[in-house]
Amino acid sequence: MFGGFGNRAAAYAKVGVETGVNTADPHKLILMLFDGALLQVRTAGIAIGNEDIPGKGAAISKAVEIIINGLKVSLDLSAGGELAGRLAALYDYMSDRLLYANLHNSQPALDEVAGLLDSLREAWASIRSQVQPVAA
């Protein structure tokens, strides 16, 4: 009776995310990356609790993808100086901890990464007033 509802809801959510990405300024895009990584880390934690090994692996893979090919790639190492270098190293560390969590079903490793992502997201969100919107 409701078999297609999940597919329609997922399609609706995807359109919402795509619309957000298409209309977001660079600052908002980074916030969206943090949110996506946090969602996947938390999803992996739920999967560990449910003994859902494939779900855990998929969520951790997505989190690593967002951290390495989203957050880390967005760094400008030449303009960002020491801070950008330290963030790059922190993103690598988070990726390593996620791989450890995947191999060892480690909720503490997931919690550590979630805490780091939360802290970075909060710091990034707090500078919003200092970021000027990009003219269209």
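In the predicted model, Ile 30, Leu 33, Phe 34, Gly 36, Ala 37, Gln 40, Val 41, Thr 43, Ala 44, Ala 47 and Ile 48 of H2 are in contact with Gly 55, Lys 56, Ala 59, Ile 60, Lys 62, Ala 63, Ile 66, Ile 67, Gly 70 and Leu 71 of H3 (contact means heavy atoms within 4.5 Å; helices are DSSP runs of H or I, at least four residues, numbered from the N terminus). The residues of this contact comprise 14 nonpolar, five polar and two charged (Ala, Val, Leu, Ile, Met, Phe, Trp, Tyr, Cys and Pro count as nonpolar, Asp, Glu, Lys and Arg as charged, and the others, Gly among them, as polar). Residues are numbered from 1 along each chain as its sequence is written. Local features need pLDDT of at least 70, side-chain atom pairs count only at pLDDT 80 or more, totals for chains, interfaces and linings use all residues, and side-chain values use heavy atoms, with hydrogens and water left out.

The axes of H2 and H3 lie 8 Å apart, at an angle of about 160 degrees (axes are lines fitted to C-alpha atoms, for helices over the stretch in contact, and angles run from 0 to 180 degrees between N-to-C directions). H2 is therefore roughly antiparallel to H3, a term for angles over 145 degrees.

Helix H3 (residues 53-72) also approaches helix H4 (residues 77-104): their axes come within 10 Å and cross at roughly 170 degrees. H3 and H4 are therefore roughly antiparallel to each other. The residues of the contact of H3 with H4 comprise eleven nonpolar, three polar and three charged.

Just after H2, Glu 51 adopts a positive phi of about 55 degrees.

Conventions. Helices (H or I, at least four residues) and strands (E, at least two) are DSSP runs, numbered from the N terminus. Angles under 35 degrees count as roughly parallel, over 145 as roughly antiparallel, 65 to 115 as roughly perpendicular and the rest as oblique.
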